[in-house]
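Thanks for coming. I will take one structure today and walk through it piece by piece. Please have a look at it first.

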Amino acid sequence: MIAETVCSAVAAAGLGIAVVTAYRKRYLAAARIAAYALVPLGLVMTGVVEWAADTAFSPTAWAGFAVLGAAWALFATTRVVERRRGGTRKERRAAARSAQADAVAPAASAPSLGQASRPASRPAAAPRATGGADDFSDIEAILKKHGI
C-alpha cells in the first residue's frame, strides 16, 4: 500500500512539473515529462507495483529465483562442456566411425595412410629467374609454410 501511495505522489508531482514547464512555453519538454510522470500511475493501476512488492518481500519468490538461477547455470555449464568436447556422445561416435571409414581417400586407388604410397624423394624445383620473382619470395615462403 505504501508503494502505491509513493507512485501516485510521484505521478502527481511529475504532472505538476509538466504544467509548470508548459507554462514556460516548452511544450515538447512538458509532454515528455508528463509521459514519464504517468508511467508510475499506470503501473499502480495495472497491479504491477503490488505484484512487485509482494514478490520482493516473499521468501518463496526469492527461493524460486534462486532455483531458476541454478537451472540456468547448469544449462550454461553443460553447453560450454558440450562445445569443448565437440558435441554429444552420439555425435562423437559418428565422427570416430567416419574417421575410420575415411582412411582411404574416395578417389584414391591405394590407401592414403602408410609409407608405400609416398614417393621416396621429391623432384628438384626448377630454377627461377631473378627478375620480378624476388619481390614475391617472402609471400611464396609464407604460402609454402602453410601448405598452399
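What percentage of the 148 residues in the chain is buried? Buried residues make up 9%, where buried means under 20% relative accessible area, exposed means over 50%, and partly exposed is in between, with a 1.4 Å probe and protein chains only.

Some ground rules. This is a predicted model, in which local features need pLDDT of at least 70, side-chain atom pairs count only at pLDDT 80 or more, and totals for chains, interfaces and linings use all residues. Residues are numbered from 1 along each chain as its sequence is written, and side-chain values use heavy atoms, with hydrogens and water left out.

Now the overall layout. The chain has six helices and zero strands, taken as DSSP runs numbered from the N terminus (helices are H or I, at least four residues; strands are E, at least two). Along the sequence the pattern reads α-α-α-α-α-α. The accessible surface comes to about 12,700 Å², and 66% of that belongs to carbon and sulfur atoms; areas are from the Shrake-Rupley method with a 1.4 Å probe, and for residues only the protein chains shown count as cover. A contact here is heavy atoms within 4.5 Å. Taking contacts between residues at least 6 apart in sequence, 27% join residues at least 24 apart.

Next, helix α2. A30 lies in this helix and is buried, at a relative accessible area of 7%. Which residues does A30 touch, not counting those up to four places away in sequence? They are A18, T21 and A22. The C-alpha atoms of A30 and A18 are separated by 4.5 Å, although the two residues are 12 apart along the chain.

V39, L43, V48 and W51 make a nonpolar patch of about 380 Å². Patches are made of residues with over 30% relative accessible area and no salt bridge; like charges are joined within 9 Å, and nonpolar side chains (Val, Leu, Ile, Met, Phe, Trp, Tyr) within 5 Å. The elements giving two or more residues to this nonpolar patch are α2 (27-46) and α3 (48-56). V48 is found in α3 and counts as partly exposed because its relative accessibility is 39%.

T55 is also in helix α3, but T55 is buried, with a relative accessible area of 13%. A polar atom of the T55 side chain lies 2.8 Å from the backbone oxygen of W51. Leaving out residues up to four places away in sequence, T55 touches A61, W62 and F65.

Last, helix α4, residues 59-85. How far apart are the end C-alpha atoms of α4? They are 39 Å apart, which agrees with the 39 Å that its 27 residues should span at 1.5 Å a residue; the expected span is 1.5 Å times one less than the number of residues. After α4 comes G86, whose phi is positive, near 95°.

By the rule used here, a side-chain nitrogen of Lys or Arg within 4 Å of a carboxyl oxygen of Asp or Glu, the count is one salt bridge. The side chains of R79 and E82 meet in a salt bridge at 3.9 Å, N to O. R79 and E82 are about one helical turn apart, because they are three residues apart in α4. Both ends are partly exposed: R79 has a relative accessible area of 33%, and E82 is at 26% relative accessibility.

That is the tour.

Terms used:
A polar contact is a pair of N or O atoms within 3.5 Å; within protein, one must be able to donate a hydrogen and the other to accept it, and residues adjacent in sequence count only if both atoms are side-chain atoms.
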